[in-house]
Amino acid sequence: MDRTYLPVLLLMGFVTTNAILIVGLSHLTVRRRVTPEKNTPYESGIPPLGDARERFSIKFYMVAMLFIIFDIETVFMIPWAVAFRQLGDMAGLLIIEMFVFIVILAVGYVYIWKRGAFQWD
């Protein structure tokens, strides 16, 4: 049984050794030059504006939840599409099920749209 795990253990050992070696070499060879520009926070390529603890609009959270909802929709649609061809006798039920699923998501989308979450004024 241990012979079957030998390649996996060798690969894990190689990866761990390689990671430690690369981090160690970069730590030894890099000269540290601390400047005020290097000490400033960096976010998305632009300098930060304001305080880190400022409040966000509720629209931000609504769009984030919308993204999560549609991400979950994609996760559920892919296995459904795979199972659709394999279950030929249940195809009608599967289509009805997916239409109900899409209608529920569309109601949530329209709700967020009507609440004005896509207007960033």
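Is F70 buried, partly exposed or exposed, and what is its relative accessible area? In this predicted model, F70 is partly exposed, with a relative accessible area of 30%. The surroundings of this residue are described below, after an outline of the whole chain.

The protein contains four helices and zero strands. Read from the N terminus, the order of its elements is α-α-α-α. Helix α2 covers residues 36-39, helix α3 covers residues 58-86, and helix α4 covers residues 91-114. The radius of gyration of the protein is 26 Å, whereas a compact globule of 121 residues would have a value near 14 Å. The C-alpha trace extends over about 65 × 60 × 20 Å along the principal axes.

Of the 121 residues, 8% are buried. The accessible surface amounts to about 11,300 Å², and carbon and sulfur atoms account for 69% of that surface. Charged side chains comprise 11 positive and 10 negative ones, and the centres of these two sets are 10 Å apart. When contacts between residues at least 6 apart in sequence are considered, 64% of them join residues at least 24 apart.

With pairing defined by ring centres within 6.5 Å, the protein has three aromatic pairs. One of them joins F70 and Y109, with 5.8 Å from centre to centre and 80° between the planes, an edge-to-face arrangement. F70 belongs to helix α3 and Y109 to helix α4, and the two residues are 39 apart in the chain. Like F70, which has a relative accessible area of 30%, Y109 is partly exposed, at 33%. Both values count as partly exposed because they fall between the limits of 20% for buried and 50% for exposed residues.

A further pair is formed by F76 and F101. Their ring centres are 6.1 Å apart and their planes meet at 85°, so this pair is also edge-to-face. F76 is part of helix α3 and F101 is part of helix α4, so the pair ties together parts of the chain that are 25 residues apart in sequence. F101 is partly exposed, with a relative accessible area of 25%.

Two other positions illustrate exposed residues and separations in space. R55 is located in the loop between α2 and α3. Its relative accessibility is 81%, so R55 counts as exposed. From R55 to I72 the C-alpha to C-alpha distance is 27 Å, for a separation of 17 residues in sequence. V75 is located in helix α3. With a relative accessibility of 53%, V75 also counts as exposed, because the limit for this class is over 50%. V75 and V8 are 67 residues apart in sequence, and their C-alpha atoms are 30 Å apart in space.

Technical notes:
Residues are numbered from 1 along each chain as its sequence is written. This is a predicted model: local features need pLDDT of at least 70, side-chain atom pairs count only at pLDDT 80 or more; totals for chains, interfaces and linings use all residues. Side-chain values use heavy atoms; hydrogens and water are left out. The radius of gyration is taken over C-alpha atoms; the globule rule is 2.2 Å times the number of residues to the power 0.38. Buried means under 20% relative accessible area, exposed over 50%, partly exposed in between (1.4 Å probe, protein chains only). Contact means heavy atoms within 4.5 Å. Accessible areas come from the Shrake-Rupley method with a 1.4 Å probe; for residues, only the protein chains shown count as cover. Lys and Arg count as positive and Asp and Glu as negative; His and the chain ends are not counted. The place of a charge is taken as NZ of Lys, CZ of Arg, CG of Asp or CD of Glu. Rings of Phe, Tyr and Trp (its six-membered ring) pair if their centres lie within 6.5 Å; planes under 30 degrees apart count as stacked, over 60 as edge-to-face and the rest as tilted.
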